[in-house]
Amino acid sequence: MKRLTAFLAGLMLMCTAANAKVRLHHLIGNNMIIQQQTDVRLWGWAQPGRTVKVSTSWSNEVATAKTDKNGRWLVSVKSPQASYTPHSITFDDGEKTTITGVLAGEVWVCAGQSNMEMPVKGFWQCPVEGYNEWVVESTKHKAVHSVKIPSIMRSEPQDDAECEWKECNPKTVADFSATGYFFARALHQMLDIPIGIIEANKGGTRVESWLTKENLAKHTSDPVDSAAIAARWPMDYHRSLLWGNGTFNPILNYTVKGIVFYQGCSNVGDPGDQYSQRLKLLVDQWRSQFRLGEIPFYFVEIAPYHYDDVNGDNGARLREQQWKAAQIIPNSSLVCTADLVYPYEFTQIHPTQKRQVGERLAYTALNRDYGFESILYKSSSYKDMKVQGDAVFIHLQDNYHSDAPFEDIKGFEVAGDDRVFHPAQARHFWQPGGGYWDEAIRVSSPEVPHPVAVRYCFRNFQLGNVKNGANLPLFPFRTDNW
């Protein structure tokens, strides 16, 4: 009997010790990248009413927090300057837990749908250009770490997700988001510090998939009940609310620098300015939830794609909404991808040229957030026009003093009062004299003797060739509102 009593007592002590040990959020783990030189949030769970002490290898300060009735706790610690020095963090609620390999650097969220989710190894029948090259040179970027949040749906916001940080190397890089990796890779090359990316995305999702129940109810007609959502959207990847609850909500306590976003294909066909307004709503929501202020939001224009009609314009109208969104979302910037598809990819929703997409996002961040003003990141865009006789003269902005090519410009169309667009001849126009219209792009067509409107690559799949002084493509545009 005494032996049984002693055994039970020992078992109770073991259970008490097991229950006492702090449990960390899965994002708080070995090889994590923390945002440098700021107040970094760390959090997890322990027994209700316990005090959790957090100490770091880079500081003598100890942060403490008391768990709430549900066992939750959260502390903030001052993070060090970025470096390749591995750090450790110890959590103590009566029993110590230590994580190692922690690096201070820059942390960005990679959000969106399948073109952000698409890994370096590509999807089935959707390769990423240069795959072997990226595997071979991945050894140069071991300080790029990624954590993939499982893409799951939940009816209620989730606090945690099964995930782990992975160091970039030939065995892991294939599974990194291609766009996210090339973004991080370029930052790592330029800044020479660790870069962390948090991949929270899901292929096929609409912008509404990431909105909260409150925002959906207030600003959309989408249902917010799980059964009604499933009935409304038979394809699970189109469903509202549920992806944000399961895939994005778990990361909202993490301290990040900003968000890069590639999404929009599933919203093609949205009327008016609905998409641009809802994207702004989503950015406002995420900034509020992260509680980090007006963090940068850089997003990618959907690439040319046939959308069941190469000459249709529903894809072009979504790109136009993305352009409008960039004008109304503070601290945002849109990356143009009009040149990053090959002619044969008109039925390929996942174009192969992902390196350039990630690098253009990185150019944006390097200029706007890291002080590299010599890096040119803007694509040129339409500014204004003037009709003179049978020609329209187009003036662009953000062209860095260059509209190229000088001759044989492709992608323009022109229409008269009949609203029928015809392929146009376009060339660089320059005339001495110092007048405002002495330098422009002259657009005309023998089919349109009295032009009133011009469009550039304003079709679902139409490739132009206008680039600016940074060799970045001209944003598709139209001068009409038809």
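## Contacts and nonpolar cores

Contact here means heavy atoms within 4.5 Å. By that criterion, and leaving aside residues up to four places away in sequence, Leu 279 touches Val 207, Phe 261, Phe 297, Phe 299, Ala 325 and Ile 329. This is a predicted model, in which local features need pLDDT of at least 70 and side-chain atom pairs count only at pLDDT 80 or more, while totals for chains, interfaces and linings use all residues. Residues are numbered from 1 along each chain as its sequence is written, and side-chain values use heavy atoms, with hydrogens and water left out.

A nonpolar core is a set of buried Ala, Val, Leu, Ile, Met, Phe, Trp, Tyr and Cys residues joined through side-chain atoms within 4.5 Å, where buried means under 20% relative accessible area (1.4 Å probe, protein chains only). The largest such core has 73 residues, of which Leu 42, Val 54, Trp 73, Phe 91, Phe 248, Tyr 254 and Leu 279 touch the most other members. A second, separate core of 41 residues includes Val 135, Leu 187, Val 341 and Phe 461.

## An open antiparallel sheet

Four strands (DSSP runs of E, at least two residues, numbered from the N terminus) form an open sheet in the order β15-β16-β20-β19, with antiparallel pairing; two strands pair if DSSP finds at least two bridges between them. At the edges stand β15 (381-388) and β19 (425-430), each of which pairs on one side only. Between β19 and the antiparallel strand β20 (residues 439-444) there are 6 bridges, and Phe 429 is placed opposite Ala 440 in β20.

## Backbone features in loops

The peptide bond between Ala 404 and Pro 405 is cis, with omega about 5°, and Pro 405 belongs to the loop between β16 (391-397) and β17 (412-415).

Although not a glycine, Leu 241 has a positive phi of about 65°; Leu 241 sits in the loop between α6 (226-232) and α7 (242-248), and this residue is buried, with a relative accessible area of 1%. Asn 471, also not a glycine, has a positive phi of about 60° and lies in the loop between β21 (453-456) and β22 (477-478).

## Elements around the largest pocket

Helices (DSSP runs of H or I, at least four residues) and a strand contribute here: α9 (314-328), β14 (332-335) and α10 (354-370) each supply at least two residues of the lining of the largest pocket.

Note on methods:
Buried means under 20% relative accessible area, exposed over 50%, partly exposed in between (1.4 Å probe, protein chains only).
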